[in-house]
Amino acid sequence: MEPESSSLRQCRPRLHDGKPPSPPPTTEGEETGDWAELPRDALLIVLHKLEILDIIFGVGHVCHSWRRVTQEEPELWRRIDMLRLAKLEPHRYSQFQSLAHSIARRSAGQCESFWAIGFPDYYFTVFSHGVTLKEAIPKFPQLEELELSLHTDMFNDMYEVCAAAAEACPLLKTLRLNKQRYHCNSRVEDKEAMEIGKMHGLRSLQLFGNSLGNDGLAAILDGCPQLEYLDVRHCFSIRMDRDNMQNRCARIWTFKLPNDPMDDYNLPFRSPKRWCNVETPVRNLSFRWDVYWDSL
Amino acid sequence: MAAPESGDGNNGAARMVTLISSDNTRFEVEAAAASLSQTLQLTILDGGGGGGDGIPLPNVDSATLSKVLEYCIKHAPAAANGGAPNATAVDRAELERFDNEFVNIDQSVLYSLIMAAHNLEIEGLQSLVAKKVADMIKGKSPMEIRRTLGFPDPTPEEQAEMNAHMLEYGWAYE
């Protein structure tokens, strides 16, 4: 190996002064480098090294030919990470409506993962071409991890989504279903918990701010014998001092109680709310179904 | 051990081939280095490029070809070892240092290089130059990207579209 590599170093390219150089056959335009004419494959290699936000806001608007390439390549839209736009203000939502539609069109059903904070619920519906979450879940029977946090539950059917997951995803091991906050005045609501109790393979469950009560918690404990991690912080409808709850939870390796500190929690959250009949994010939106359907 | 002056493909380990740029400059390199190009590989395997024949490359000028071959010669030993699984950390660091320095070039050269890497299908070089371009344009607005890469002035239509875009989404760059 040694002599070979040394011989390679010796044979740097050498100029042969044989024939006189003839004028290059290429045109002047190509000489100066017309980036708009960059071959599609060459541009794609560049695009795959960029983040999706750079494509949405930058590269996709540089010139017509570059735009066409970004629009016609669903591969680019597989992983859509919008987390850097976390400071999204509610008054930008309407702008993002049209943006979401165009992203959905470009990804052409190839989108495998979508991360965003502060986006309205209908994003998922837009991405899945009108299929709601509960209709989409059964299409992922291999699902092991599911997070539906900060969902504003626009269609009031989160328990049905849980039911769909419990039935269709037997491999599900991790579920995070965190609310933005606990609503003090809402009744004990065990519908979601009852469905979660049917996810028999669950190992890890996080339910911040859920309104489940002791019956719901009991259903989860009984239905998920392999549960190792359970986080019910801010689930203030749970009464640990009743129903022998302390003992029943003793087998959980890591158990976060309703009043436990929030220091290791990585999502935004708010303190418990007393009256919840005003100020739900959905009300701020003017979601136009006519625009939505036209764009699909 | 001296490399043969003009390889005919059969005398020793270091077989040489001749490449001819668009401006008729002849370059003589080891076949192993030139074979980093998928485009050239088959021709070379078929015995082409040896002796006085040479392989004409009408799309690549001499300045660019010289740069491309500089890359190929540096990367050929690692490529010959199948991506060099047993390369030492020092070797890898040296290649990395070379790569960083290699793409420290003017944007006009960058364009010829990305075109040459594309035409000659040199995977590693394509990736290296693309990374450089991506680093240059990330986080930039459409107009800044055009300026950075040296696009011609936008047509009034393109300018209007970019203005409208900035009006709507300018806040995304804040």
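Start by selecting residues 124-163 of chain B: this stretch is 75% helix and 0% strand, with its end C-alpha atoms 37 Å apart. Helices here are DSSP runs of H or I with at least four residues, and strands are E runs of at least two, numbered from the N terminus. The model is predicted, so local features need pLDDT of at least 70 and side-chain atom pairs pLDDT 80 or more, while totals for chains, interfaces and linings use all residues. Residues are numbered from 1 along each chain as its sequence is written, and chains are lettered from A in the order in which they are written.

UniProt, in an unreviewed entry, labels residues 124-163 of chain B "domain: SKP1 component dimerisation"; such annotations may be inferred rather than shown by experiment.

Now zoom out to all of chain B. You'll find 8 helices and 3 strands, running β-β-α-α-β-α-α-α-α-α-α from the N terminus. Of its 174 residues, 48% are buried (under 20% relative accessible area, 1.4 Å probe, protein chains only).

Next, hop to the second largest cavity, about 30 Å³ in volume. A cavity is a set of points on a 1 Å grid over the protein atoms alone where a 1.4 Å probe fits but cannot get out, and lining residues have an atom within 4 Å of a point. The volume is the space filled by probe spheres set on those points, joined across faces, edges and corners.

Select His61(A), Val62(A), Cys63(A), His64(A), Arg67(A), Glu158(B), Glu161(B) and Met162(B) to show its lining. Which helix gives the most to this lining? That's α8(B), with 3 residues.

Methods:
Heavy atoms only, no water. Buried < 20%, exposed > 50% of the residue type's maximum accessible area, 1.4 Å probe, protein only. 1 Å grid on protein atoms, 1.4 Å probe; cavity = no way out; pocket = protein on both sides within 12 Å on 5 of 7 lines; lining within 4 Å.
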